[in-house]
Each structure stands twice: as structure tokens, then as C-alpha cells.
Amino acid sequence: MKSKKAEHSSSCETCPAHHAGNLIRMGIKMDNFDYVVALAGNPNTGKSTVFNALTGLRQHTGNWPGKTVTRAEGGFQYGDNRYKIVDLPGTYSLLSTSTDEEVARNFILFGRPDVTVIVVDASRLERNLNLALQVLEITDRAVLCLNLVDEASRHHISVDERLLAKELGIPVVPTSARKGEGIPDLLKAISEVASGQTMCKPYRIRSESSQLNKALNQVVAKIEEGFPKLPNPRWVALRIMEGDQRIIEALRDGELENLDRVDNNENAMAAM
């Protein structure tokens with residue numbers, strides 16, 4: 001017969017908090033941090049549940065500077081490093097057709113988070129991959145959180161996460177955040193991408209048109225010449241060629257240049 005102490009130890013070993021390793025939820029106590037994590041995803045993918053699993057209930061909420069869009073952030077410690085996590089507005093794309101999309105895409109592009117975690121619904125993967133592919137056009141440092149795998153299983157849907165990771169070129173972590181399942185693996189993936197231990201090679205859409213590629217390369221060269229510190233000039237060039245008025249206006253008004261000169265994430269957020 002097990003003692004009460006043994007029973008307690010056994011039950012603790014099976015709870016999500018135990019298997020989260022040395023995760024310490026820091027809430028809003030984030031005076032200093034080593035890495036910044038952005039959390040992106042479509043609405044109704046369980047993104048907020050993932051955010052809560054990493055930060056706990058003690059979070060800071062407010063509005064993005066100059067916007068009416070809610071901004072939530074918190075922090076956690078994993079291993080020897082402290083992470084600040086920013087919950088981006090839930091969006092279906094980053095094409096800047098709404099304020100939510102503009103805020104999300106500007107933070108990923110100009111805020112330069114160390115890791116962007118893309119939360120997708122495993123039961124609606126095809127619908128969610130549109131945003132994921134757009135994020136991968138902007139940043140080389142990302143993790144796909146394949147959430148709601150329990151719901152997918154209930155509908156007899158299974159996803160080969162290894163094949164998906166190979167195709168996307170980034171770590172893919174199956175989770176059921178509301179149950180705490182997969183959170184330890186997600187933390188490990190975030191840590192390895194942030195530290196550079198895992199190098200991502202994200203999938204990028206390539207055109208078969210030689211004329212289009214030539215034109216794109218010419219625009220990229222001009223952007224690199226004018227804004228040498230701008231992250232991912234290829235993505236900016238694509239948006240200009242597709243007639244993205246927000247990016248074109250930022251280029252004409254000098255806003256792009258000001259954002260290009262931002263040296264840290266806090267100033268990047270203030271600039272938006």
C-alpha cells in the first residue's frame with residue numbers, strides 16, 4: 001500500500017506542471033528579459049489558452065500605442081532564461097486590411113521577436129496554414145504549435161507533425177493547451193529556436209516566372225540599398241509589388257526608415 005506521500009509524489013509526476021520542467025510563470029514581473037516571443041494565430045485556435053499556460057493569470061493588458069487594439073503580455077522563466085511573451089491580435093492574414101492585421105504584422109517584422117509561435121487548430125489545419133505561411137515569409141525564427149490535437153482526434157483527424165515540420169522547415173509541436181499536454185515540448189522548441197540551437201529553414205513561396213523573380217530581385221536590391229538594416233526586405237518587396245498601400249505609404253512618408261532604425265523591441269512597439 002502506498003503512503004500518502006508516495007501517492008502525492010506519483011500524482012505530481014503525472015500533472016502538466018511537473019512535466020513543464022522548470023517553467024516559472026512570472027506574470028507581469030518582467031523588468032528584464034533575455035528573449036521576446038510573439039504569439040500569433042487565427043481566432044479560435046486556443047491561442048489565449050497557450051498564452052495562459054505559459055504566463056499564468058497574472059498578465060499585463062492595455063492597448064497598442066496609438067491603437068484601440070488590446071495588447072496582452074506576460075513572462076515566464078525556462079531554464080536560465082527569462083522570456084517576455086506578447087499575445088498578438090488573432091488574425092486570418094497579415095495583409096494589413098485591418099488594424100489587427102497591421103499590428104500583428106508590424107510587430108513580427110519590425111519588433112523582431114526572437115521566436116514567433118504560430119498557433120494552429122489541428123482539426124482545421126488547411127485553413128490556418130494561410131497565416132502560418134505568411135508569417136514564415138517574414139521571419140526565419142518560428143515554431144508551429146499544433147494545438148487542439150485532442151479535438152482533431154475526436155473527429156478522426158490525425159496530422160503527421162514530423163512531415164509537416166519537414167515541409168515547413170520549422171519545429172512543429174502537437175499540444176492540447178487546455179489540458180497542459182505538449183507544453184513542455186513547446187517550451188523546449190521555443191528555447192532551442194531562441195538560443196539558435198535549432199536553425200529554421202522556413203518554406204518560402206517561389207515563383208516559376210523568371211521575369212517576376214528578376215523584378216523581385218531588383219526591388220529587393222533597391223530596398224536593401226535604402227534600408228540596409230530592414231529585416232526581410234524580400235517580404236517588403238513582395239508587399240510593394242502586390243500594391244500594399246500601408247507599406248507603400250510607410251516608404252513614402254519615411255516611416256519605414258524610422259522603423260528600420262529601431263534597435264530593440266520596446267522601441268519597435270512604441271513606433272507602431
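Visitor: What volume does the second largest pocket have?
Guide: About 180 Å³. Bear in mind that this is a predicted model.

Visitor: Which residues line the second largest pocket?
Guide: The lining is made by Ile108, Leu109, Arg112, Pro113, Ile138, Thr139, Asp140, Arg141, Arg204, Pro231 and Asn232.

Visitor: And how do the residues of that lining divide by class?
Guide: Five are nonpolar, two polar and four charged.

Visitor: OK, what about the largest pocket, what volume does that have?
Guide: The largest pocket has about 310 Å³.

Visitor: How many residues line the largest pocket, and which lie nearest its centre?
Guide: There are 17 lining residues. Nearest the centre of the largest pocket are Glu137, Ile205, Leu238, Arg239 and Glu242.

Visitor: Which elements give two or more residues to that lining?
Guide: Helix H5 (125-138), helix H9 (210-226) and H10 do.

Visitor: What is the class make-up of the largest pocket's lining?
Guide: Eight nonpolar, four polar and five charged residues.

Visitor: Changing topic to H10. At what angle do the axes of H10 and H11 cross?
Guide: Roughly 110°. The axis of H10 (residues 233-241) comes within 8 Å of the axis of H11 (residues 245-253).

Visitor: So what does that make the two helices, relative to each other?
Guide: Angles of 65 to 115 degrees count as roughly perpendicular, and H10 and H11 are therefore roughly perpendicular to each other.

Visitor: Which residues meet there?
Guide: From H10, Trp235, Val236, Arg239 and Ile240; from H11, Ile247, Ile248 and Leu251. By class, that contact has six nonpolar residues, no polar ones and one charged.

Visitor: Where else did Arg239 come up?
Guide: Among the residues nearest the centre of the largest pocket.

Technical notes. Residues numbered from 1 in each chain as written. Predicted model: local features only at pLDDT ≥ 70, side-chain atom pairs only at ≥ 80, totals over all residues. Heavy atoms only, no water. Axes fitted to C-alpha atoms, helices over the stretch in contact; angles between N-to-C directions. Helix = DSSP H or I, 4+ residues; strand = E, 2+ residues; numbered from the N terminus. Parallel < 35°, antiparallel > 145°, perpendicular 65-115°, else oblique. Contact = heavy atoms within 4.5 Å. Nonpolar A, V, L, I, M, F, W, Y, C, P; charged D, E, K, R; others polar. 1 Å grid on protein atoms, 1.4 Å probe; cavity = no way out; pocket = protein on both sides within 12 Å on 5 of 7 lines; lining within 4 Å. Points joined across faces, edges and corners; volume = space filled by probe spheres on them.
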